[in-house]
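Here are some notes to go with a first look through this structure. Keep the viewer open while you read.

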Amino acid sequence: MQRWEVIAVVTGTAALLGASLFVTQQLRDLAAAYPRCLDPTTVTAGCDAYHRAVGRLDMPASLLLQVSWAAPFGTGLVLGVPLVAREIEHRTASLAWTLSRSRVRWLVGRAAFVVLVTVALLAAVAITSELLAAAYAPARHLDSDFTWYGRRGVLLVVRGLVVLGLGISIGAVVGRALPALLVAVFGTVLLFTGISLAMDRWNAAEATARPYGQGESDALALGARIELTDGEVVGDAYLASLENIVIDADGSVYSRFDPDSGLPDRSSLVGRYRELMLPGERYPQVVARESAVGIGAAVLLLLAAGAIVRHRRPGA
Amino acid sequence: MRQAIRLAFAMQRLELRLLLAAVLLVSVAALGIAWQTRVLREAQLACLESAPPAVEGSVESPCPGQDEPLATLDRLSAFAKMGVIFTPIVLGLFLGVPLVAREIESRTAPLAWSLSRSRRRWLLQRAVPVFGVIALACIAVGVAGDVLAHAPPWVEGSDPGFEDWWARGPQVAVHGVAIAAAGMAIGAIVGRQLPALLLGGVATLALFVAVTLVDDALMRSAVEPIAVGPNQLVTGKIYGSGFRQDASGRLLSDEEGYALFGDQLDESGYPPPGYSMVYYLVPSRRYGEFAVYDAAMFGTVAAAGMALASWIVVRRRP
């Protein structure tokens, strides 16, 4: 029933895996040839050739990590949406549902296959994207680093399952493959915007406010705050309420200029600029948390699909 | 004819409603962002006139009341431009692909084709209203994209040149019709909607890559050396720079110029008297000419797609 979609998704994934492994191997070969040049924070003599060669691989490596980020959305939508929608659209649902012991049993049988395909393909993407990221940034410890968050690792599999559940549910409601695909794309954007905002809020509640320009590169940046002179911490939207803003190199925020010197008026100190960050060592915890939220959402969406299939009329 | 048009719309009612709502959203958003950008820019100019001089060594903003909202509008305008670029792609694929593919997939093609005087006439009656809607919707977003491209502060008194190349102007409509025609042909070949949509997506990507390469080759062949004075602004598609000896008109590369002038270059890199800085560029005034080339390429694809779809519908088994 889904031969074309499975072939399309497998072909796309194979192309992504092949390209990722090829770029990974090239980066590894370079790292092996220039072991002294891997730390980007130090300038080492004789490393120009290494930096030029890595620079040439910058674009493909970034692009492949970007495609890895998009892979769960494409896979989930292409495999999920037509699962029920096509049966309804072709008017074969009534026959298929009558022949099965129950509609839910029929759905479980059909969904199990696409869940397996989705997990297998996205697990492969998750692993290769981790390998690519590790080769791209060999000096970083990516198991405790938020760099390329959501473009590598287990989150890709979880997101794919969420989109798959959403696609199956929307397909079952709409009952026609193409309009359902359109609605599912809008639904995916809304759902993931909501999840992203909720996770940001959750993470921000546990983040620490670092002095201006002193955050680590492996941390998760969650916006800025102003620590007022009376100790109160407010959002950076507060700056828009000031008549003038001067932020010094040390992060001090002033609201007035001295008209004589043209320098900030020291008596107008508003507070200190702070960057809200979650340190890199919290990476596994944040990934586990978002994975749990994603798996919960996927289960709920699959249950919703079961309920829709159970109660809906088999005609479009 | 009216019945045929009504049927064409009834077959794709849900897609049309969703997509036209999205088109309306993109157009209104683009126009709204452009309008608010102009309003805030006026306020910012008034504020900057009365602000004290900048302070060296600090990140300062004398007009935060306008800076922050303008930056937000700039970020939002990027989304609106993406919307304009994707409108012809989404409309073309979602409305073009199912025109024939749905009839074949749902096995209604034999009945529909036998009821019509000819298969070609049937295709014409189904395709023309849908292609008309695609063209009109894309013209609307193209105009909105054009207004948005002229709104940023840096375009004041200038020309956006080749900026937002695929996100403005009437060629957006040509893109939409071309993608719909190609999608229709792929749908007629494959005979199933979703696989045809996926193939159509790949074909659209290939089409845009190919046209980008041809556009780039055409522009490179049209590059001309333009001499610019100190602090003079030039707009256009810039491919390189160099220097010119004014007396002889001899052109020097950047490397030759740096070797010849050394410390004589001023702070902005301008050469000593007797020489001018030169940009190798396609000037903004030639935007219209290249927009016509672009539209001609997509128009050819549209004509080929329609002819192929018609040929397949006439010949294929239903």
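1. A term to have ready: a helix crossing is called right-handed if the near helix is turned clockwise from the far one by less than a right angle, and left-handed if anticlockwise.

2. Chain A averages a pLDDT of 90, and 97% of its residues score at least 70. For chain B the average is 89, again with 97% of the residues at 70 or above.

3. A word of caution: where pLDDT is low, the predicted coordinates should not be read in detail.

4. Now the overall build of chain A. You'll find eight helices and six strands, and along the sequence they run α-α-α-α-α-α-α-β-β-β-β-β-β-α. The radius of gyration of chain A is 25 Å, well over the 20 Å that the globule rule gives for 316 residues, so chain A is more spread out than a compact globule. Its C-alpha atoms fill a box of roughly 85 × 50 × 30 Å along the principal axes.

5. Chain B has 10 helices and five strands. Its radius of gyration is 26 Å, well over the 20 Å that the globule rule gives for 318 residues, so chain B too is more spread out than a compact globule. The box for its C-alpha atoms is roughly 80 × 50 × 30 Å, taken along the principal axes.

6. Back in chain A, have a look at helix 2 (residues 48-80) against helix 5 (residues 103-136): they pack at about 175°, with axes 10 Å apart. Angles over 145 degrees count as roughly antiparallel, which makes helix 2 of chain A roughly antiparallel to helix 5 of chain A. The residues in this contact are 14 nonpolar, six polar and no charged. Among those from helix 2 are A:Ala61, A:Leu64 and A:Leu65, and helix 5 brings residues including A:Val114, A:Val117 and A:Tyr136.

7. How do helix 2 and helix 6 of chain A lie relative to each other, parallel or antiparallel? Their axes come within 7 Å and cross at roughly 30°, which makes the two helices roughly parallel. The crossing of helix 2 and helix 6 of chain A is right-handed. Their contact divides into 10 nonpolar residues, seven polar and one charged. Look for A:Phe73 and A:Leu77 among the helix 2 residues, and for A:Arg159 and A:Ile168 among those of helix 6.

8. Last, the pair from point 1. Helix 6 of chain B (residues 119-149) and helix 10 of chain B (residues 287-315) pack at about 135°, their axes 9 Å apart, which makes helix 6 of chain B oblique to helix 10 of chain B. B:Arg119, B:Arg120 and B:Leu123 in helix 6 meet B:Ala309, B:Ser310, B:Val313 and B:Val314 in helix 10. By type, the contact has four nonpolar residues, one polar and two charged.

Key:
Residues are numbered from 1 along each chain as its sequence is written. Chains are lettered from A and ligands numbered from 1 in the order in which they are written. This is a predicted model: local features need pLDDT of at least 70, side-chain atom pairs count only at pLDDT 80 or more; totals for chains, interfaces and linings use all residues. Axes are lines fitted to C-alpha atoms, for helices over the stretch in contact, and angles run from 0 to 180 degrees between N-to-C directions. Helices (H or I, at least four residues) and strands (E, at least two) are DSSP runs, numbered from the N terminus. Angles under 35 degrees count as roughly parallel, over 145 as roughly antiparallel, 65 to 115 as roughly perpendicular and the rest as oblique. Two residues are in contact if their C-beta atoms, placed from the backbone, lie within 7 Å. Ala, Val, Leu, Ile, Met, Phe, Trp, Tyr, Cys and Pro count as nonpolar, Asp, Glu, Lys and Arg as charged, and the others, Gly among them, as polar. pLDDT is the predictor's confidence in each residue, from 0 to 100. The radius of gyration is taken over C-alpha atoms; the globule rule is 2.2 Å times the number of residues to the power 0.38.
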